[in-house]
Amino acid sequence: MSRYTYGIDTESITALDVHTHVEIDGCGHKSLDDDLIAASEKYFKSGQERTPSLETMAEHYRERNMAAIVFTVDAASATGHPVNSVEEIAEGAARHNDVLIPFGSVDPWQGKAAVKRVRTLVDEYGVKGFKFHPSLQGFEPNNRDFYPVYEALAECGVPALFHTGQTGIGAGLPGGHGIKLRYSDPMLLDDVAADFPELTIIMAHPSVPWQDAAISSASHKPNVHIDLSGWSPKYFPPQLVQAANSFLRHKVLFGSDFPVIQPDRWMRDFEKLDIKDEVRPLIFKDNALKILGLGG
């Protein structure tokens, strides 16, 4: 067991990608079943390797002088598919701590076991935050049955990154593979932000079809932020671009959704947006560094 400590040269990196998926473990087990992997590959049309190893990811970001947050999603209760080892991800990130930052994941339906696991992953493995996907995990984030998990996160002082809006997971499959989009409405997270003002919340992705709701929550709640992953910037809703360029300039974070969106493509398309020069470094890394307690 290796407890993660930061080894990132925050001055030299050009960007910090806050949203990347480790979708295969050292034994070849994938984070999603074969139908979901195939459907998401068809949906995103990335043309890139769909399940790169953690070592490949580390080299990918090292070559680009970037750092990245890495995670998987524990959706075992909702999907019946065993989770990849979060501990393995943390140990791998510790080996590549110059470029990788580990986030944990817990199955919120596991109750007290999930709360205990939060503390174990933080205290013994050094994870720096947690990823949730309400639609894939099949839960309403503002259900008070899950509040003990948020209490543990707040006490540990680590942020929670929640998928919001539409998802490519299950897209095109009959019934969306049973995945319900309504669980990823940002207004459900606004309740959590109000009830846990000490918990840093990151709403992942342009939150279509609830983009205005996400902007409203991030404007109203100091502890709410937005990452820009999962969409090519050329498809960003115009109100999101306007907010990121002005009153949310300190609340918006670069994220790609690697491997389905490549950072090269994201950066290339973002370059074409009308974003002020002084705002770009905030989005690329400074806002994320501040959230992680690394300055910025």
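A nonpolar core is a set of buried Ala, Val, Leu, Ile, Met, Phe, Trp, Tyr and Cys residues joined through side-chain atoms within 4.5 Å. Buried means under 20% relative accessible area, with a 1.4 Å probe and protein chains only; exposed is over 50%, and partly exposed lies in between.

Some ground rules. This is a predicted model, where local features need pLDDT of at least 70 and side-chain atom pairs count only at pLDDT 80 or more, while totals for chains, interfaces and linings use all residues. Residues are numbered from 1 along each chain as its sequence is written, and side-chain values use heavy atoms, with hydrogens and water left out.

Now the core. The largest nonpolar core has 87 residues. Which members touch the most others? They are Leu16, Phe130 and Tyr150. Take Leu16. Beyond its neighbours within four places in sequence, Leu16 is in contact (heavy atoms within 4.5 Å) with residues including Ala67, Ile69, Ile101, Phe254 and Phe284. Apart from that core lies another, of 8 residues; Leu32, Ala75, Leu136 and Ile179 are among them.

Next, the whole chain. Of its 296 residues, 58% count as buried. Take contacts between residues at least 6 apart in sequence: 79% of them join residues at least 24 apart. The chain has 12 helices and 8 strands. These are DSSP runs, numbered from the N terminus: helices are H or I, at least four residues, and strands are E, at least two. The radius of gyration, taken over C-alpha atoms, is 17 Å, close to the 19 Å from the globule rule, so the chain is as compact as a globular protein of that length. That rule is 2.2 Å times the number of residues to the power 0.38.

Let's zoom in on strand 6, residues 201-204. In a regular strand, side chains alternate between the two faces of the sheet. Here, Ile201 and Met203 point one way, Ile202 and Ala204 the other. Are they buried or exposed? All are buried.

What does strand 6 pair with? Strands pair if DSSP finds at least two bridges between them. Strand 5, residues 160-163, pairs with strand 6 in the parallel sense over 4 bridges. Ala160 has Ile201 as its bridge partner. From strand 5 the chain crosses through helix 8, residues 186-195, to strand 6, and this β-α-β crossover is right-handed. Right-handed means that, with the strands pointing away from the viewer, the path from the first strand over the helix to the second runs clockwise.

On to strand 7, residues 224-227. Strand 7 and strand 6 are parallel, over 3 bridges. Met203 stands opposite Ile226. Strand 6, helix 9 (residues 211-220) and strand 7 make a right-handed β-α-β unit.
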